[in-house]
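My entries follow the structure.

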Amino acid sequence: RVPGIHLTISQNILGELWEKWAFIAAAGIICCLFRGPIGRIIDAGGLGAIHDAIAETEAVAAAAGHPVSDKAHAHTLNLLAAEGSAFTSSLYRDLIAGLPNEAEHILGQLAAEARRLAVPTPLLDLTLIQIRTGTNPTATS
């Protein structure tokens, strides 16, 4: 027991890890591809694309045998489709600050899984192209 920390024992840790991966990847796709916080993306007409990004990442999880639960999906929508939200992903914040980031770990590995499982992920793929183009130190102008 640790004061202030609530611990639980999961009966499906792999499933919960997939849910977390689907969420952080969707958040990364949305914020990095559209370069802003959720509320501004929605204001610019991006709600449909937000739903598409969530569907892509959750489709990869399902194809891998770990479908996202209704509870986790609702949590994702609550955070990533909320009008007026200032939410941004940590990946986006690192990217715009020019800091080392986890794009390849989060998005690149999910894209590799999607290819292996034959799941189309057009928004994920576009996000990776954009990030790789903007952060590749050997890219020429």
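At what angle do the axes of α3 and α4 cross, and within what distance do they come? I find that they cross at roughly 150° and come within 11 Å. This makes α3 roughly antiparallel to α4 (angles over 145 degrees count as such). I note the crossing of α3 and α4 as right-handed, meaning that the near helix is turned clockwise from the far one by less than a right angle, while anticlockwise counts as left-handed.

Source notes: I am reading a predicted model, in which local features need pLDDT of at least 70, side-chain atom pairs count only at pLDDT 80 or more, and totals for chains, interfaces and linings use all residues. Residues are numbered from 1 along each chain as its sequence is written, and side-chain values use heavy atoms, with hydrogens and water left out.

Next I looked up α3 (residues 47-63) with α6 (residues 103-117); their axes lie 10 Å apart at an angle of about 55°. The crossing of α3 and α6 is left-handed. Axes here are lines fitted to C-alpha atoms over the stretch in contact, and angles run from 0 to 180 degrees between N-to-C directions. Helices are DSSP runs (H or I, at least four residues), numbered from the N terminus.

I then checked α1, whose 22 residues reach 31 Å from first C-alpha to last, close to the 32 Å expected at 1.5 Å a residue (1.5 Å times one less than the number of residues). Just after α1, Arg35 takes a positive phi of about 55°.

Key. Helices (H or I, at least four residues) and strands (E, at least two) are DSSP runs, numbered from the N terminus. Angles under 35 degrees count as roughly parallel, over 145 as roughly antiparallel, 65 to 115 as roughly perpendicular and the rest as oblique.
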